[in-house]
Amino acid sequence: MNRWLAILPLVALVAMGGLFYFYALKRDPQVQPQALVGKMVPDLSLPTLDEGQPMRIRELAAEGPMVVNVFASWCAPCEIEHPILMGMRGQGVRVVGIAYKDAPPNTQAFLTRLGNPFATALVDRDGRAGIELGVTGVPETYVIGRDGMVLAKHTGPLTETEAARLAKLAR
């Protein structure tokens, strides 16, 4: 019986190695989950960064197509993509920001330091809206049509090429 107990950790290690091999090494890291694309954006109500007034994302969409960027002040890739978002705003694209799991004073300082590309900035302090949107990590960017339909999703920092593609969909 003692021999089996001694072998048990080895068996567990081999099983974990097999899981790693079959899942991680066979998985394509370029695959991005697109579960919401082609569906209605969840009916989310989030407080605005400035006044704390609740705003519904579907109501914002009814004003016209928009790019929704999920970001955080603690996110280094968010800082890298920030000039691209500023450029989108300069081109007349309506960009709505959702500060994900971030303290409002930190978000405000981030936007003061780098500039505010957002027509509206919303706060998802506890991350529940991010779960409903299917956020896998920040930054993530969505295009939402006037009818509330999610037209596209991009995971990771935006490139100039990807920003141009999303901007075209948001017009």
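Me: What makes Asn-69 count as buried in this predicted model?

Reply: The relative accessible area of Asn-69 is 0%. Buried means under 20%, and Asn-69 is therefore called buried. The residue lies in strand β3.

Me: Which residues does Asn-69 touch, leaving aside those up to four places away in sequence?

Reply: Among them are Leu-85, Val-95, Val-96, Ile-98 and Phe-118. Glu-140 and Thr-141 also touch Asn-69, as does Glu-81.

Me: Why is the pairing of the side chains of Asn-69 and Glu-81 called a polar contact?

Reply: The two side chains are joined at 2.8 Å. The cut-off for a pair of N or O atoms is within 3.5 Å, so the term polar contact applies to Asn-69 and Glu-81.

Me: What makes strand β6 largely enclosed by the rest of the structure?

Reply: Five of the five residues of β6, residues 140–144, are buried, so the strand is largely enclosed. Glu-140, Tyr-142 and Ile-144 point one way, Thr-141 and Val-143 the other way, and all are buried.

Me: How do you know that β6 pairs with β3 and with β7?

Reply: Two strands pair if there are at least two bridges between them. β3 (residues 66–71) and β6 have five bridges, in the antiparallel sense. β6 and β7 (residues 150–155) also have five, again antiparallel, so both pairs meet the criterion. Ile-144 is the bridge partner of Met-66 and of Val-150 in β7.

Me: What lies between β6 and β7?

Reply: The two strands form a hairpin with five residues between them. In the turn, Gly-148 has a positive phi of about 90°.

Terms used: Residues numbered from 1 in each chain as written. Predicted model: local features only at pLDDT ≥ 70, side-chain atom pairs only at ≥ 80, totals over all residues. Heavy atoms only, no water. Buried < 20%, exposed > 50% of the residue type's maximum accessible area, 1.4 Å probe, protein only. Helix = DSSP H or I, 4+ residues; strand = E, 2+ residues; numbered from the N terminus. Polar contact = N/O pair within 3.5 Å; in protein donor to acceptor, adjacent residues only side chain to side chain. Contact = heavy atoms within 4.5 Å.
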